[in-house]
Amino acid sequence: MHRNPDASRIVAVDRALSLLIALGEQEHLTVTDAAQTLDVAPSTAHRILTTLVARGFAVQDTRRRYRAGPALLAPGRMRGTSSLVDRVRPFLEQLFEATQDTCHLVVREGTQVRFLDGIEGTRSLRVGLRIGARMPAAHTSGGKAMLSELSGPERGALKLPPVTGEPEPTASPGQLLGVNRDETEPGVTALGASLGLIDGHHAALTVAAPTALLTAQRTRELSRVLLEVSGAARAAL
């Protein structure tokens, strides 16, 4: 006796998995896109997407579009970071509210940094989210800020490549500002400040904007806000 494979299929699970595949293949999805993919009502698609967001498999940007989340982009690497994301999230939101530019929480993993959480900017010309992405620490703003806190032996043990553009000293004692101008992506400038060790993870906050929009005055303003928020986060966490 042959059983119909569709007979034991759980429809809700099948729909969720279909959206996970779509999120992995496309840059973003709207509720309408998801409804068309599943051939269901938009309300049904919205409920599934909301569940995926709650579990970290999707994130929603400021234009209400859904993108692949950290649990989908970096399976197996979410272990031990959920508490960190939750604790830093209020400071990430504070940084975003003050700048309206794209902000991220990053952690250092050896010679790399991983983008754990983020909020996309609201300006018409803005930098997209990088949640789940990994980049060389020596070339990213948050990575430079975190590497600057390591001792000479610690940096030597990592066998780091030369750090491009050492962090810049600031008016705040003990704080250094990591700057990435067009290094990891042409036309994008990012500023980063370390949060130190939180829940065993070396973390940093960053803010990024199109290089063309960053006047000297705007750069000073972003630097001031970033250092204020990161300083408050270090003190609280």
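The legends below describe close-up views of a predicted model.

In this predicted model, local features need pLDDT of at least 70 and side-chain atom pairs count only at pLDDT 80 or more, while totals for chains, interfaces and linings use all residues. Residues are numbered from 1 along each chain as its sequence is written, and side-chain values use heavy atoms, with hydrogens and water left out.

**View 1. The protein chain has eight helices and nine strands.** Helices (H or I, at least four residues) and strands (E, at least two) are DSSP runs, numbered from the N terminus. Of the 237 residues in the protein chain, 46% are buried, where buried means under 20% relative accessible area, exposed means over 50%, and partly exposed lies in between (1.4 Å probe, protein chains only).

**View 2. Helix H2, residues 31-38, has buried residues at Ala34, Ala35 and Leu38.** These residues cover an arc of only 100° around the axis, which puts them on the same side of H2; the arc is that of the directions from the helix axis to the C-beta atoms. An α-helix has 3.6 residues a turn, so residues three or four places apart point the same way. What covers the buried residues of H2 includes helix H1 (11-25) and helix H3 (42-54).

**View 3. Asp39 lies in the loop between H2 and H3.** The phi of Asp39 is near 60°, a positive value in a residue other than glycine. With a relative accessibility of 72%, Asp39 counts as exposed.

**View 4. The axes of helix H5 (residues 82-99) and helix H8 (residues 216-236) come within 10 Å and cross at roughly 160°.** That makes H5 roughly antiparallel to H8, given that angles under 35 degrees count as roughly parallel, over 145 as roughly antiparallel, 65 to 115 as roughly perpendicular and the rest as oblique. Axes are lines fitted to C-alpha atoms, for helices over the stretch in contact, and angles run from 0 to 180 degrees between N-to-C directions. The contact, meaning heavy atoms within 4.5 Å, involves residues of H5 including Phe91 and Leu95, and residues of H8 including Leu222 and Val229. The residues of this contact divide into 10 nonpolar, two polar and one charged (Ala, Val, Leu, Ile, Met, Phe, Trp, Tyr, Cys and Pro count as nonpolar, Asp, Glu, Lys and Arg as charged, and the others, Gly among them, as polar).

**View 5. Asp182 is found in the loop between strand S7 (176-181) and strand S8 (188-198).** Although Asp182 is not a glycine, its phi is positive, at about 60°. Asp182 is partly exposed, with a relative accessible area of 36%.
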